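Thanks for asking me to go through this one with you. My notes are below as numbered points, to be read with the structure open beside them.

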Amino acid sequence: MSKDPQSAFKYDYLGSDTKAVQRSVSNHLVYTIGKDPLTATEHDWMMAFSHVVRDRLIERWMETQRSYYKHDAKRAYYLSMEFLIGRSLVNSLLNMDIYDACTEALHKLGIELERLRSLEHDAALGNGGLGRLAACFLDSMATLNIPGYGYGIRFEYGMFRQKIEDGQQVELPENWLTHGNPWEFPRPEVSYRIRFGGRVMEYQDQTGRRHFDWIEGDVVMAQAYDTPIPGFHNDTVNNLRLWSAKAYEDFDLNCFNLGEYTEAVVGKTHSENISKVLYPNDTSTMNKLLRLKQQYFFVSASLKDILRRFFIDHDDLRELPEKVAIQLNDTHPAIAIPELMRLLMDKHHLEWQPAWDITTRVFSYTNHTLLPEALETWPVHILEQLLPRHLQLIYEINRRFLLMLGHLNPGDMDLLHRLSIIDDGGERRIRMAHLAIVGSHRVNGVSALHSELLRKYTFRDFNRYYPNKIMNVTNGITPRRWLYLSNKGLSKLICDAIGSDWIKDLDQLKQLEPLADDALFRERFAAIKLANKKKLATQINYYLKREIDPHTLFDVQVKRIHEYKRQLLNLLRTIALYNRLTDTDAKKFVPRTIIFGGKAAPGYAMAKLIIRLINDVADVIDNDPAVSDRLKIIFIPNYDVTTASDIIPAAELSQQISTAGMEASGTGNMKLALNGALTMGTMDGANVEMQQHIGSDNIFIFGHTTKDIERLNIQGYNPRSHYETNACLRRVIDMIANGYFSPEEPDRYRTITDNLLNADHFKVLADFQSYLDISDQADKAYRTPDEWDRMAILNTARMGYFSSDRTIQEYAQKVWNVAPVPR
């Protein structure tokens, strides 16, 4: 063996010209896939070509990691339960600037890239905005040369694949790994033992210092799978490391030899359930336990991996905050705080105070919700059962925190109860958001309004105690995925007009503003929108067997189904429009196709009932020949990144109608506006900042503000009064309640109408008339195409602030103190 293996180790850098790519595809088809061109399927070609692209990612990936070690760079680690990265093939080609060469190479082989692209599965690693935000952030970190890493779980079946049967959501396994994943690298050598249950043994050393050992219980192995994340045209490739659960002892030979075949693998099954499904239905105790296991599983493995990487070049843990920044994406990874304390104290033998100083300087926490009921809590008895050492540490963190709080506020027991990490009201529970706030040096909201409401209401007492800790970092989206890749026609138009610098500097889109008054540019802009609408109409016809007219107004609401997002309000408006059409001359109204998309959580009965109502209303309208050519409802199932990339470029009106004060930010609003859809929305989340940047004349705002709703709640809100005084609304509610849309089961939707009339927590009825009025204003604008197109262009031109590149720059400078590493 060579004395200097590094000097002997050589490999060929791969060319990215057409000829080199063509040769690589042929080689991979034969030597990696093991197929002859005569017998190769389209999927074989897709896998072979994916390996060709992956090869070129690997070169950049290795150079990037070497560069980080060479510069001894501080790294940012993003811990998230979700990473909704979508498909990787075309995104990688565009980011590495080899799209044209690869397209030509495939064409010479008789293969069309678009066909291969359609065969790739979306990576089912998330559900909604939280996971897509994390994916946008990874893209921006790589594009900005930020040493950034993502850590999460390699879910075997994702959340679920949504199917609509008889109008109802049916959940099926999302088998995205059935044919393998060419983008990931299994790392069996990178595995960590993760413990659950057991007991804590306490002892004293010779100096009298107390020590704790967490022993016994069950052990699961966390194995790493790496996915390269390329930056745009800069040769930086960062890493997403996902953990898969493996059994510590996966096969009991004695049971097998006794004929107990099921028992022989029961341990393997229980262990590997941890990384099977995202967000299992937590209506059962077993699934609650599984969700906590998932959170601790990936957090513990990630922290052990982060420390391993730190110790490669450093041996003093006091330097950890100078080399490591860890961002907690919501409270799901908040158990990382006591876990790092456990590792520092129990494994590396630090005293409490230095360990706590390191922990709080390393962690920062992003809050994503204002709803008190959505702030995650865990029953104490569950932590006692699964994570006994962590419960001890949480108790001690809380004791010390309340002691300091008590010194500053003597006698104020109510304050101590409000801020305590332990909620003692009723069943004792751990408030994970409180743990994250106390254990982090920075806490941020994700829009200006959201952060203001956090400071003023949700975490008001914490803001008094930590006056500078809670800050704002408004969310953003990556323009590479959501315009350059998803909307090629509009991207080309923009590049022809102002060049391509906007792809890495979205503020450059401001140069489009004067072109909003250019008739020829408006005409080309409108032609691209129509082409996108025709493409979507073709896809809807192919997959759903529904015909829609691309010349109608495409009115879109695509997002997770939840009462606060108020798909129900949109549906009430739709029924009101239907009634107008049946009552009067249909020709007076703007023809409209209303498009819904989104999943309801498996255990969320009301959200699933709303999906069924949407589909029942759609059936009635579709079967009414008097209106079906003027109004349609389409529910597109299994909304994911790829589906979004098809819908968003075709959208003309973007419904962002959450109850004011309940949407933290939203990013769908940004994607749609960037692609030239006009927003119809409440003053909620990032809509507020979008109005400021886009201009109030180019957005349709309606409804009660957060202050209005606060006033309503104080006065005592009576939803029935809106029903009694508004004949249009009353007719709509009565139609739903009396079975007009479900004649075979007239009481099917009584739960919905009773809730609206007697509670209406989300102020649907309060905002109904305002919503209907603003919808009429939008129709009026749509009847003047030149004016509508002008407004649409200004929406695109003024979205520069909402790039995730700006968001990541703010995190890097204000939260992580992480600098770019030049390549």
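1. How near do the axes of helix 22 and helix 23 come, and at what angle do they cross? Keep in mind that this is a predicted model. The axes of helix 22 (residues 488–498) and helix 23 (residues 519–544) come within 9 Å, and the crossing angle is roughly 160°. Because of that angle, helix 22 is roughly antiparallel to helix 23. The crossing of helix 22 and helix 23 is right-handed.

2. Next, the residues behind that contact. Helix 22 contributes G489, L490, L493, D496 and A497, while helix 23 contributes F521, R524, F525 and I528. By type, the residues of this contact between helix 22 and helix 23 are six nonpolar, one polar and two charged.

3. Helix 31 (residues 727–737) and helix 33 (residues 764–782) have axes that come within 10 Å and cross at roughly 115°. The crossing of helix 31 and helix 33 is right-handed. On the helix 31 side you will find C728, L729 and I733; they meet L765, F768 and L772 of helix 33. The residues of the contact between helix 31 and helix 33 divide into six nonpolar, no polar and no charged.

4. Now to helix 14 (residues 352–362), where the buried residues are W352, A355, W356, I358, T359, T360 and V362. What do these buried residues of helix 14 pack against? Their helical partners include helix 12 (320–323), helix 13 (336–347), helix 16 (388–408) and helix 18 (432–438). Strand 10 (324–329) and strand 11 (363–366) are also among the elements that the buried residues of helix 14 pack against.

5. Helix 34 (residues 785–797) has 13 residues. From first C-alpha to last, helix 34 reaches 18 Å, close to the 18 Å expected at 1.5 Å a residue. Its buried residues are W788, D789, M791, A792, I793, L794, N795, T796 and A797.

6. Leaving aside neighbours within four places in sequence, N795 is in contact with A673, A677, L678, I694 and N698. One of these, L678, is 117 residues from N795 in sequence, yet the two C-alpha atoms are 7.0 Å apart in space.

7. Two backbone angles deserve a check by eye. Most residues other than glycine have a negative phi. H233 has a phi near 55°, a positive value in a residue other than glycine. H233 sits in the loop between strand 8 (218–230) and strand 9 (237–247) and is partly exposed, with a relative accessible area of 37%. D330 also has a positive phi, near 75°. D330 is in the loop between strand 10 and helix 13 and counts as buried at 13% relative accessibility.

8. Finally, N234 is in the loop between strand 8 and strand 9. N234 is buried, with a relative accessible area of 12%. Not counting residues up to four places away in sequence, N234 touches A142, T143, L144, N145, K504 and R823. N234 and R60 are 174 residues apart in sequence and 9.4 Å apart in space, C-alpha to C-alpha.

Key
Residues numbered from 1 in each chain as written. Predicted model: local features only at pLDDT ≥ 70, side-chain atom pairs only at ≥ 80, totals over all residues. Heavy atoms only, no water. Axes fitted to C-alpha atoms, helices over the stretch in contact; angles between N-to-C directions. Helix = DSSP H or I, 4+ residues; strand = E, 2+ residues; numbered from the N terminus. Parallel < 35°, antiparallel > 145°, perpendicular 65-115°, else oblique. Left-handed = near helix turned anticlockwise from the far one by under 90°. Contact = heavy atoms within 4.5 Å. Nonpolar A, V, L, I, M, F, W, Y, C, P; charged D, E, K, R; others polar. Expected span 1.5 Å × (residues − 1). Buried < 20%, exposed > 50% of the residue type's maximum accessible area, 1.4 Å probe, protein only.
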